[in-house]
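Welcome, and thanks for taking a look with us. Here is a short briefing on the side-chain contacts of the model shown below, grouped by topic.

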Amino acid sequence: MKISDREKVVVLDLDDTLYKEADYRESGLRAVCREIEALYGKSMAAALDEIIPSGADVLEELCRRAGLPLSVKGSLLWVYRLHMPDISLAVGVRDTLRQLEQKHTLIVLTDGRSMTQRKKLLALGLQRLPAYISEEYNSEKPDYRRFELIMNDYSAQGYVYVADNPRKDFIAPNALHWKTIGLRGDERNIHSQACEGLRSEMLPNQWIDSLTELPDILC
């Protein structure tokens with residue numbers, strides 16, 4: 001059954017769109033250090049500040065410095081993936097989303113593991129939003145499937161996708177004639193936003209510097 005018509009369905013990417021993925025990475029590694037200290041009595045917080053800039057495999061190096069077998073790395077990875085993240089929305093974004101919800105349907109479409117991504121949404125206070133997560137649909141961008149499912153599940157006058165990665169995010173919605181909006185990032189973004197050499201169908205219809213611009217664009 002289709003949901004009642006709204007003016008637009010506004011679909012949002014999660015990582016590096018609604019929050020900074022670098023903050024999640026730091027949160028996860030701090031959680032790993034807390035787990036090591038709780039279980040093995042080894043404080044790794046100071047070591048972490050040395051390891052991250054070095055470019056080394058962080059979990060492997062934490063095992064080495066804590067005197068743990070490298071086989072423990074797999075368990076630490078799950079601590080990282082399943083921790084409750086310490087992340088937050090950018091300034092003004094929470095109010096912007098509330099404003100958009102008054103007129104449009106908001107949905108999250110993101111790649112990642114189900115529990116990991118849903119914990120992020122919970123930490124951001126966005127668990128109320130419908131979420132189309134890749135692991136739950138066996139479908140990763142640029143596959144069309146989840147975009148088509150949204151069109152089937154939510155009828156509207158138009159569909160919008162807001163995301164950050166031009167190498168995979170906009171191919172499917174562009175092909176389906178959605179409006180696509182790219183959020184410009186900074187040096188902390190996980191994925192490059194360089195567009196040189198990319199085909200036109202990979203690029204968003206327009207770029208913005210902040211999600212707070214969306215209400216004016218979508219009015």
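Across the whole structure, a search turns up five aromatic pairs. Please keep in mind that this is a predicted model.

- Tyr24 and Tyr80 form an edge-to-face pair, with 5.5 Å from centre to centre and 80° between the planes.
- This pair links distant parts of the chain, since Tyr24 belongs to helix H1 (residues 21-40) and Tyr80 to helix H4 (residues 73-82), 56 residues apart.
- Is Tyr24 buried or exposed? Tyr24 counts as buried because its relative accessible area is 4%, under the 20% limit.
- Tyr80 is buried as well, with a relative accessible area of 17%.

- Tyr159 and Trp178 make a stacked aromatic pair, 5.3 Å centre to centre with 25° between the planes.
- Here too, distant parts of the chain are linked: Tyr159 sits in strand E4 (residues 154-163), while Trp178 is in the loop between helix H9 (171-175) and strand E5 (179-183), 19 residues apart.
- Both Tyr159 and Trp178 are buried.

**Charges over rings**

**Salt bridges linking separate elements**

- Glu7 and Lys103 form a salt bridge in which the closest N and O atoms are 3.6 Å apart.
- That bridge links distant parts of the chain: Glu7 is in strand E1 (residues 3-12), and Lys103 is in the loop between helix H5 (93-101) and strand E2 (105-110), 96 residues apart.
- Glu7 is partly exposed at 24% relative accessible area, and Lys103 is partly exposed at 38%.
- Arg118 pairs with Glu136 in another salt bridge, its closest N and O atoms being 2.7 Å apart.
- Because Arg118 lies in helix H6 (residues 114-123) and Glu136 in helix H7 (residues 134-137), the pair ties together parts 18 residues apart in sequence.
- Arg118 is partly exposed, with a relative accessible area of 36%, and Glu136 is partly exposed at 34%.

- The side chains of Arg64 and Glu61 meet in a salt bridge at 2.4 Å, N to O.
- Arg64 and Glu61 both belong to helix H3 (residues 58-66), where they are three residues apart, about one turn of the helix.
- Why does Glu61 count as buried? Glu61 has a relative accessibility of 16%, and the class covers values under 20%.
- Arg64, by contrast, is exposed, with a relative accessible area of 53%.
- A network of salt bridges links Arg64 and Glu61 with Glu50 and Arg65.

How values were computed:
Residues are numbered from 1 along each chain as its sequence is written. This is a predicted model: local features need pLDDT of at least 70, side-chain atom pairs count only at pLDDT 80 or more; totals for chains, interfaces and linings use all residues. Side-chain values use heavy atoms; hydrogens and water are left out. A salt bridge is a side-chain nitrogen of Lys or Arg within 4 Å of a carboxyl oxygen of Asp or Glu. Helices (H or I, at least four residues) and strands (E, at least two) are DSSP runs, numbered from the N terminus. Buried means under 20% relative accessible area, exposed over 50%, partly exposed in between (1.4 Å probe, protein chains only). Rings of Phe, Tyr and Trp (its six-membered ring) pair if their centres lie within 6.5 Å; planes under 30 degrees apart count as stacked, over 60 as edge-to-face and the rest as tilted.
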